[in-house]
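Here are my notes to read alongside the model. Have a look at the fold before you start, then take the points one by one.

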Amino acid sequence: DHLTEVRDASPILLDVWNLMFDNFCVFHHIEENINTEIKEKNLSATPSSAVSDAHDYGDYLASLGGIILSKSFQNDPKFAIYYKNLKFFLEYKIENLFNADPKVREKCRYVLCVSMHPSCCGLILSLLKDKLDILNDAIANGEYYIVDQFLSVLRAIVDVDPIALFPHATEVLNIMHRFLDLFNIDNSDTAFLKVKLRFCKLENSFFASADELSLGSFIRIKNIFSSINSDYLEYSFNSVSSRVSSTPIANKVITIGAPSKTTPVNDQRRNSEGEDIHMNIILETSSFLMMILDQLPLDTPGFTLVKTADELGTDFVFTNYFNLFVRILEELNIRKDAQTSNISLQHRCTTIIKNIIDALINLLKANSAVGLKYALPLGYHENTLLRSSFINVFAKIVQASNKLLDTDAGRMDIYSNGLTLCTKFEEIMIAMADS
């Protein structure tokens, strides 16, 4: 909508917006918000004729509403009344975003997601925060459309220009944080999984702009997102694996809120659809972990003044990720080779394997002091993919260390130590040759 590109308020545009707002109030029988002039104009008209002559104008009110929030208008004496009307309009649309009537919901969703002016993002976010408490009841009652409507509006806000989103990035982050635990439950309902998949895609879209939004320094919150997404990944992977093999599946070293397996649905069609959604969740979460673990030092579960205790906590957190990634690589590599007839599944498996390898590389690069002692045994692993992945990881770490050395002597020392290691242990040379 070209009206969303208008930034500055002018008397004509403000009068047009006010007139449309008055008609909006007449259309929805909201007389207390109608201007006196409009009330007098419609005194002689019957209620039916007044409503028939009025229109909703919601699309235009949303598209043009940003001019009311422009800096040039905030010192105007009329700002207070215009701001009050704009807030009332948005509250009305957000309230009806969860209406029982699907037509009303869809109309409000369109206004808030498609027609909304970028300058209204902050006001919409503040109004959405007041509605977050209804999400837990919506999940408990199976009213997943309420959560889906929330995510639709959030996605529209995340997709705006980063410059317009920048002042509200932390608000979006806090709201998405509320959603994390909401989806970290044992629920294999297909409708729930679809909404969960949509949230995973939203995470990827938002954190892809983390640098532009200056969120790179949020180490603790990024660790929380990373940890819970690893739970999403493990739950979906276990759900898919349990339908393929009856062999018990090993969990991570420490399970941080990981849900337990549920009884499979008897209906074959729903089983197939659920497995497909789980595979997509695995794809999205593996992509998210690959992105968020880049240059991310692991945060320990608790803070203590004892250094050894912090190191032990970091070891446990690292092994959670490491064991999960290795297990997924082992099983998916076997499944990829077995699914020669299913091109789509084979392609997804290949993409997931690539994401997991890159996530493992980023994990080790950012935490090499802790992780190398766990990664070294991969050089002896019977799986060619895992051996080559380890060599790739090790090479990346050496390259990163090499950039920090200013002297040729320092670089020669690294190569000399590496050569000595290979000549001293024949197994390493054989593993490197086989890979």
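**Notes on the fold**

1. Let's start with the contacts (heavy atoms within 4.5 Å). Of those in the protein with a separation of 6 or more, 76% are between residues 24 or more positions apart.

2. A word on what you're looking at: this is a predicted model, in which local features need pLDDT of at least 70 and side-chain atom pairs count only at pLDDT 80 or more, while totals for chains, interfaces and linings use all residues. Residues are numbered from 1 along each chain as its sequence is written, and side-chain values use heavy atoms, with hydrogens and water left out.

3. The protein has 20 helices and zero strands. Both are DSSP runs numbered from the N terminus: helices are H or I with at least four residues, strands E with at least two. Of the 435 residues, 46% are buried. Here buried means under 20% relative accessible area, exposed over 50% and partly exposed in between, using a 1.4 Å probe and protein chains only.

4. Which residues touch the most other members of the largest nonpolar core? They are Ile124, Val147, Phe179, Phe206 and Phe325, in a core of 119 residues. Helix H16 (residues 343-366) gives the largest share of this core, with eleven residues. A nonpolar core is a set of buried Ala, Val, Leu, Ile, Met, Phe, Trp, Tyr and Cys residues joined through side-chain atoms within 4.5 Å. In soluble globular proteins, nonpolar side chains tend to be buried together.

5. Val147 is worth a click. Beyond its neighbours within four places in sequence, Val147 is in contact with Leu135, Ala138, Ile139, Phe179, Leu182, Phe183 and Val195.

6. Helix H7 (residues 121-129) is largely enclosed by the rest of the structure, because seven of its nine residues are buried. Those are Cys121, Gly122, Leu123, Ile124, Leu125, Leu127 and Leu128. Their cover includes helix H5 (79-96), helix H6 (102-113), H9 and helix H11 (169-183).

7. Ser152 sits in helix H9 (residues 144-158). With a relative accessible area of 6%, Ser152 is buried. Leaving out residues up to four places away in sequence, Ser152 touches Arg109, Cys113 and Arg198.

8. Most residues other than glycine have a negative phi. His29, though, has a positive phi near 60 degrees, and is placed in the loop between helix H1 (11-27) and helix H2 (36-41). Gln295 also has a positive phi near 60 degrees, in the loop between helix H14 (268-292) and helix H15 (307-338). His29 counts as exposed, at 57% relative accessibility, and so does Gln295, at 68%.

9. Then there's helix H19 (residues 408-424), which holds Cys422. Setting aside residues up to four places away in sequence, Cys422 touches Ile428, Met429 and Met432. Cys422 and Met432 are ten residues apart in sequence, and their C-alpha atoms are 9.2 Å apart.

10. Together with Tyr380 and Phe425, Leu421 makes a nonpolar surface patch of about 290 Å². Patches are made of residues with over 30% relative accessible area and no salt bridge; like charges are joined within 9 Å, and nonpolar side chains (Val, Leu, Ile, Met, Phe, Trp, Tyr) within 5 Å. A salt bridge is a side-chain nitrogen of Lys or Arg within 4 Å of a carboxyl oxygen of Asp or Glu. Accessible areas come from the Shrake-Rupley method with a 1.4 Å probe; for residues, only the protein chains shown count as cover.
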